[in-house]
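Thanks for coming. Please have the sequence and the structure open while I talk.

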Amino acid sequence: MNRVGHINTITTLAARFVLEVEGFNANNQYHINIHSENFLIPVLNEVFGLKLENLNATQKRNYPAIDLADFTNKVAFQITATSNFSKIKDTLKLFFEKELNKQFDVIYFYILTQKNANYSEDKIKEIVPSDFSFSAAEHILDKDSFLQKINAISSTPKLQAIAKHYQHEFSDVQIETRKHEFEKGYLRSEPENLYPNMLRISFPDNFYKAELNIDETGIVQRVNDWLVKLGKKPIKKMKKHKVVKRALKEINASCDDWLLHEGCLFTFKNLHDNNEPLRKIVDAGTITAIESKDYYSQDEDTNRVFKHLLRKTLSGLCKSREMEWFAQSEVFRFANKPKHPNSKRVKWKGKKEATKTVIFEMINKKEKHVICYRNLAFRCSFYCLDDNWFIVLNPTWSFTNPGGYRQSRFESAYMSGIKRLENNNAVYNYFRFFGYYLSYSDLFTTDYPYITVSPAETVSFAPRIDEKVWNPVKVLEKPIEAPPAELKEDTELNTNLFDE
């Protein structure tokens, strides 16, 4: 569709938008006004080049007089269906009484219905300070004035994105669904069970801290001897964490569940245990047991260090589950075989035992060879709520070259393709899969006592969340060139595999 076609689509559906708001408000149903705020965010962002957020959803602090804001660009919006001057006047008075002009350089009004033909600029000047720019003609918008701004956009892809937002929101199906939801009270009264993307974790009450006891000079010398033997240039210095890894390698030990901080080694592993390999690289006289809660609750710095220790410890659990930390993308992903990379399946148990393909071969359609591997992965962070700790887990994919480790140069292209194939339900199932997989244990599973992950927990939430929050419109992106490959939707996970 060309530029004119996109503008015609936007114009037609914008008129539907106004009629729908007027219809609901005439019946004293105002939930559509709140819903409109969320719809307008991506549209306003496209037109004005902003990053607006809905303050009712994102800010603990109550922001009177405004509904949407971009704190970086210092732009605020009031979204309202009331067009009279009293509404404008009262909002502006409140805006300046609360000194919001110190945070924002601009405030716009978006009238969901139709703005008045005239607003008194003289009366506005009585309210607005002389050093703040506001005029009714420029800063009070409605459908018609907003369409003028859209019509001035020269970028066809941007117009296409805006049209797609309108099409998603004001199709016949969406309008009919919304009518049912608002008129029947569906959104207001019925609760629903939600799965926040948080997995509860537990860990030992204490961790250990000790100073290092490593012959760093000797290690560097041995590394250089090896490099020279290979005909490579020797190094002058090694980073401390690489020295530790090398020291562990020299005693035939391999582990990542430790952290270096201020020259000391932190770990949940018992350094008093003579059989613990980490004990061999620390000064035994400096080993100290530290209570976890006392440490992470001291201040933000110690809390941040503790979260880093949790991430390093999680890498130990993931390693026992055939997963690896890939620092370049900051993801945990299923690990391929170093010498003989291939597709991979793993065993897990939810409602019943099952297997899941976690590494897929990406085959060139024409030449039938492996272009890369597609590894199931996740990003995570750690969150503490009332002394309960959680992993905030976001499933994703990692694409590796045919060697099975390095990032594929086609990752961006294939990742875009995956996003077009997968819906939010697929991502939700991956999240639940990781919850079960990381907590799964049987006779053949290596026990890892330093961090325990629990399956996903439900939270009952009322009122019910509008499904469009979970299924936002997908904006078309410019395709990235890559070899044609077998990029198929992963359909192995479904609700029948999970405990309800």
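Start with helix 2, residues 31-48, and helix 7, residues 143-151, which pack at an angle of about 50 degrees. Their axes are 10 Å apart. This is a predicted model, so every value in this talk is computed from it. An angle under 35 degrees would count as roughly parallel, and 65 to 115 as roughly perpendicular. The angle of helix 2 and helix 7 is therefore oblique. The crossing of these two, helix 2 and helix 7, is left-handed.

Which residues make the contact? From helix 2 they are Val43, Leu44, Val47 and Phe48. From helix 7 they are Phe146, Lys149 and Ile150. By class, the contact of helix 2 with helix 7 has six nonpolar residues, one charged and no polar.

Now a second pair of helices. Helix 1 covers residues 3-26 and helix 8 covers residues 156-169. Helix 1 and helix 8 pack at about 30 degrees, with the axes 9 Å apart. Angles under 35 degrees count as roughly parallel, and helix 1 and helix 8 are therefore described that way. The crossing of helix 1 and helix 8 is left-handed. On the helix 1 side, the residues that meet helix 8 include Arg3, His6, Ile7 and Leu13. Among their partners in helix 8 are Leu159, Ile162, Ala163 and Tyr166. The contact of helix 1 with helix 8 divides into eight nonpolar, five polar and one charged residues.

Five strands form an open sheet with mixed pairing, in the order 1-2-3-4-5. Which strands stand at the edges? Strand 1, residues 53-54, and strand 5, residues 140-141, do. Each of these has a single partner strand, so one side of each is left without a neighbour in the sheet. Inside this order, strand 2 (residues 68-70) pairs with strand 3 (residues 75-80) in the antiparallel sense, over three bridges. Ala69 stands opposite Ala76 in strand 3. Helix 4, residues 85-97, packs on this sheet and touches strand 3, strand 4 and strand 5. The direction of helix 4 makes about 150 degrees with that of strand 4.

Another open sheet has four strands, in the order 9-10-8-11, and its pairing is antiparallel. Strand 9 (259-261) and strand 11 (288-291) are at its edges; each has a single partner strand, so one side of each has no neighbour in the sheet. On average, neighbouring strands of this sheet are turned by 30 degrees against each other, direction ignored. Strand 8, residues 206-211, pairs with strand 10, residues 264-267, over four bridges. In that pair, Tyr208 stands opposite Thr267. Helix 14, residues 300-320, packs on the sheet, touching strand 8, strand 9 and strand 10. The direction of helix 14 makes about 155 degrees with that of strand 9.

There is also a hairpin. Strand 12 (residues 323-326) and strand 13 (residues 331-334) pair in the antiparallel sense over four bridges. Trp325 stands opposite Phe332. Four residues lie between the strands, and Glu330 takes a positive phi near 55 degrees.

Last, confidence. How high is the average pLDDT of the protein? The average is 87, and 89% of the residues score at least 70. Over residues 186-190 the pLDDT stays under 50, and the model has 13 contacts there beyond four places in sequence. Over residues 475-479 the pLDDT also stays under 50, with six such contacts.

Conventions. Residues numbered from 1 in each chain as written. Predicted model: local features only at pLDDT ≥ 70, side-chain atom pairs only at ≥ 80, totals over all residues. Heavy atoms only, no water. Pairing = 2+ DSSP bridges. pLDDT = per-residue confidence, 0-100. Contact = heavy atoms within 4.5 Å. Axes fitted to C-alpha atoms, helices over the stretch in contact; angles between N-to-C directions. Parallel < 35°, antiparallel > 145°, perpendicular 65-115°, else oblique. Left-handed = near helix turned anticlockwise from the far one by under 90°. Nonpolar A, V, L, I, M, F, W, Y, C, P; charged D, E, K, R; others polar.
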